[in-house]
Amino acid sequence: QVQLVESGGGLVQAGGSLRLSCAASGRTFTIYHMGWFRQAPGKEREFVEAISWSGSSTYYADSVKGRFTISRDNAKNTVYLQMNSLKPEDTAVYYCAASSNYCSSYGCYATAGRYNYWGQGTQVTVSA
């Protein structure tokens with residue numbers, strides 16, 4: 001099993017920045033890649049960004065292109081999501097996810113069903 005714990009959420013004004021962290025523990029050697037998803041009230045969970053275990057490949061949703069950056073520190077078993085130029089529509093619960101399933105395409109990385117470990121979520125609220 002793999003355990004994921006997110007941190008770093010909070011309230012920020014539009015245009016501001018936040019950095020989310022996701023610390024993985026347990027059988028981390030089974031992880032192929034990790035990602036961030038978010039879910040706003042009344043909406044379905046949506047893909048934000050993902051990163052391969054080596055960190056050589058990253059994938060992102062068009063809605064966050066140029067504003068959000070995913071990175072990882074394997075020595076700390078931690079993945080980060082740097083969020084800049086935040087907008088009110090970025091308000092959501094952000095979830096960290098890890099997958100032990102191999103992926104080679106954007107569609108695979110962006111599919112929630114391909115991830116078998118999830119964190120508890122952290123709230124991000126962006127005020128106008």
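Guide: One convention comes before the rest: two strands are said to pair if DSSP finds at least two bridges between them. Please also keep in mind that this is a predicted model.

Visitor: OK, with that in hand, what is the bridge partner of alanine 50 in β6?

Guide: Alanine 50 has tyrosine 59 as its bridge partner in β6, and the two strands concerned, β5 and β6 (residues 58–60), run antiparallel and are joined by three bridges. They form a hairpin with five residues between them, and glycine 55 in that turn has a positive phi of about 85°.

Visitor: And which residue in β5 is the bridge partner of phenylalanine 37?

Guide: That is phenylalanine 47. Strand β4 (residues 33–39) runs antiparallel to β5, with six bridges joining them, and this hairpin has six residues between its strands, with glycine 42 in the turn showing a positive phi of about 80°.

Visitor: How many residues of β5 are buried?

Guide: Six of the seven residues in β5 (residues 46–52) are buried, so the strand is mostly covered, where buried stands for under 20% relative accessible area.

Visitor: Switching topic, what is the strand order in the open sheet?

Guide: The open sheet of four strands has the order β1-β3-β8-β7, and its pairing is antiparallel. At its edges are β1 (2–7) and β7 (68–73), each of which pairs on one side only, and neighbouring strands of this sheet are turned by 15° against each other on average, with direction ignored. Within it, β3 and β8 (residues 78–83) pair over six bridges in the antiparallel sense, and leucine 20 stands opposite leucine 81 in β8.

Visitor: Where is glycine 16, and what does it touch?

Guide: Glycine 16 lies in the loop between β2 (10–13) and β3 (18–26). Leaving aside residues up to four places away in sequence, glycine 16 touches Met83, Asn84, Ser85 and Leu86.

Visitor: Why does the radius of gyration agree with a compact globule?

Guide: Because a compact globule of 128 residues would have a radius of gyration near 14 Å, and the protein chain has 14 Å. The C-alpha atoms fill a box of roughly 40 × 25 × 25 Å along the principal axes, and 44% of the 128 residues count as buried.

Note on methods: Residues are numbered from 1 along each chain as its sequence is written. This is a predicted model: local features need pLDDT of at least 70, side-chain atom pairs count only at pLDDT 80 or more; totals for chains, interfaces and linings use all residues. Side-chain values use heavy atoms; hydrogens and water are left out. Contact means heavy atoms within 4.5 Å. Buried means under 20% relative accessible area, exposed over 50%, partly exposed in between (1.4 Å probe, protein chains only). Axes are lines fitted to C-alpha atoms, for helices over the stretch in contact, and angles run from 0 to 180 degrees between N-to-C directions. The radius of gyration is taken over C-alpha atoms; the globule rule is 2.2 Å times the number of residues to the power 0.38.
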